[in-house]
Amino acid sequence: MKRTAFLLSVMLGVGALLTPHEAAAWGERARQSLSIMGLQVVKQDYTRAFQATDSNYERDVIKGALAGAEALSENFSMASPQAAIASIGAEIELLRSARDFGAGSYFAYRMGALGTVAAQLMLPYGIPATVEEQRLANMMDRDIDEHLESFKFVSTQRDREFIRDIQSYFERRRSFMRDDRRIIAEDYGKGSGYQKFLKEAGDAYFSRAVETMADVWHTVLRIESDPSLRPASREMLAWYFVDEIAYLAGEKRNMTAAERAYNDFSKVNPDIARAYEEIGDVYYGLGTDEGVERGVREWRVAHNIGGPDRDRVAKMLSKHFLDQGYLFFAKTKEAGADEQDYTNALRSFEQALEFDRMSEEAAKEIQVVNVAIQERNERFQTTLDFIAKGEQVRERADNMRNAEDYGNAIQTYRAALIPYEAVSEEFTDQFQLAQSAIDSIKTEVSTVISRVLTRASELIEEGDRAVEEFKFEEGISAYERVPGILAVISDEERQQSVERRNELRDLAGEKIEDAKRQKLQYEDQKRPGGAGAPAFGANRPAGAAGAQQGAAAAQ
């Protein structure tokens, strides 16, 4: 597991990652109480410690105290008390140097973790070395947490001590340790446990732990330089800022502060490729589009710097672009897929191959996408051909309509719909164009049908006028032309149009029969002895006068 992934897990409270050493010495409740009391003590000298103008970082201190040594650098050793003491000294020097770049939330978090490790050294079996010591430490930890309310802080120092020699400082403060470890082991071995020596010594352990924590913090916070403490190396500071970015971006989700930390990292990093890689891991792990983009950018920097990990970074980048390629290619299967999706998929697979020249998967997908692009181009050309064909046929229909060749116009408009309706949704712009043309053609068909119905009504009216003037043959001729005009309206048209067609056709038929009867009567009456011309309309069907209005209604 990479160091940043491990640190992030600790920050997020994954207790399963704690080592046996870390699981003992001051349980969760005790660590929280120690850090809160330590804050009160150190703030007597640094009233604005762990605070900014508009921010308070004391919660970060407590969070770091709960995390303990696992929140510190990967070089921090808890293998033994002596190793822990040496690591504390190095951490003090690092945090004093980091303080000059700003004491924000991560600085507070790291200080909390450092304080907990210092406090562990003040408790017998705080850093167990054997399985038996671990078992004893676990029992002490449980008992101390259960009786924590009875613990009192009793100050033994008037002023905070600036730690110049870390080894002598802890040697002096831990002088009680050998005898106390022996007595406590005997008490627990006899079954007395907490109720004897540990109960009596608990206040002293708690107070020493608080004061040691406060001394360590004081040594970091004091502004004045001291020749006994060396500044941290650029490499150590670089890794500190890597961890700070992980905390700010991964835990706090404070991207602005993380960017400031990145700027500090850029100032000190001596081109450590692994550092850029791990920053990339942090951002990529956020899972956001911006985070992934930033992560890839940092991986690219690590790859360009080179070094022993270059091949691993290259495979990470190759896998990223493979995943991106699959995502883009999946989008090409969706309705309305854009040509850019194909381009993006191809470019992603090509980049995957650039970073891993041995990737058979990337090479195969490049071929697949190229075939898909060719097939799409063919489909696109077919779509353009459909639209061109539709426009060509529609133009012929428009000419027929203008020439009042309504029957052929309707049929040709119907034919123009066929290529337009063949256009699929794959190409959004062309599909919308085809749909617009379809709607327009249907409107034109309705307009032509309306003109046909109007013309049929006009013929009936022409016939009526002729019959009124006793021009029966002329009237009958007009009526007889109506069915032929209406024949262009098929049964597939709108119901209202079909019904009006039928009404006009029936009306024309009735008019023909009526005109024939009137003609016979007229001729009979004109013969000698006849009764005179009949009054027009005596036998006229009631619907004749509304022919024109009915045609308009059918529109």
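Entry 1, glutamate 493. I looked up its burial and found 10% relative accessibility, so glutamate 493 counts as buried (buried is under 20% relative accessible area, exposed over 50%, partly exposed in between, with a 1.4 Å probe and protein chains only). The model is a predicted one, in which local features need pLDDT of at least 70 and side-chain atom pairs count only at pLDDT 80 or more, while totals for chains, interfaces and linings use all residues. Residues are numbered from 1 along each chain as its sequence is written, and side-chain values use heavy atoms, with hydrogens and water left out.

I then asked which side chain meets glutamate 493 in a salt bridge. It is arginine 414, at 2.3 Å from N to O (a salt bridge is a side-chain nitrogen of Lys or Arg within 4 Å of a carboxyl oxygen of Asp or Glu). Arginine 414 sits in helix α18 (residues 406–421) and glutamate 493 in the loop between α20 (472–486) and α21 (495–526), so that this pair links distant parts of the chain, 79 residues apart. Helices here are DSSP runs of H or I with at least four residues, strands are runs of E with at least two, and both are numbered from the N terminus.

I searched the whole structure and got 44 salt bridges. One of the pairs I noted is arginine 160 with aspartate 215, whose closest N and O atoms are 2.8 Å apart. Arginine 160 is in the loop between α7 (131–146) and α8 (166–173) and aspartate 215 is in helix α10 (residues 197–221), so the pair ties together parts 55 residues apart in sequence. Both arginine 160 and aspartate 215 are buried.

I also noted arginine 222 with aspartate 226, where the closest N and O atoms are 3.7 Å apart. Arginine 222 and aspartate 226 are both buried. Beyond pairs, I found a network of salt bridges that links Arg274, Glu277, Glu278, Asp309 and Arg312.

Side chains of opposite charge can pair when their charged atoms come close. I wanted to know how far arginine 376 is from the nearest side chain of opposite charge. Arginine 376 is in helix α17 (residues 360–402). Leaving out residues up to four places away in sequence, I listed what arginine 376 touches: Ala337, Asp338, Glu339, Tyr342, Glu426 and Phe427 (contact means heavy atoms within 4.5 Å).

Most residues other than glycine have a negative phi, and most peptide bonds are trans. I noted tyrosine 125, with a positive phi near 65°. Tyrosine 125 lies in the loop between α6 (105–120) and α7, and at 8% relative accessibility it counts as buried. I also noted aspartate 271, with a positive phi near 55°. Aspartate 271 is in the loop between α12 (255–268) and α13 (273–285); at 52% relative accessibility, aspartate 271 counts as exposed.

Glutamine 40, in helix α3 (residues 28–42), is partly exposed at 49% relative accessibility. I took its C-alpha distance to aspartate 159, which is 119 residues away in sequence, and got 14 Å. Threonine 47 lies in the loop between α3 and α4 (58–67) and counts as exposed at 56% relative accessibility. From threonine 47 to isoleucine 92, 45 residues apart along the chain, the C-alpha separation is 20 Å.

I counted 22 helices and 0 strands. What radius of gyration does the chain have? The value is 47 Å, whereas a compact globule of 555 residues would be near 24 Å (taken over C-alpha atoms; the globule rule is 2.2 Å times the number of residues to the power 0.38). Along the principal axes, the C-alpha atoms fill a box of roughly 160 × 55 × 45 Å. Of the 555 residues, 49% count as buried. Among contacts between residues at least 6 apart in sequence, 73% join residues at least 24 apart.

Note on methods: Lys and Arg count as positive and Asp and Glu as negative; His and the chain ends are not counted.
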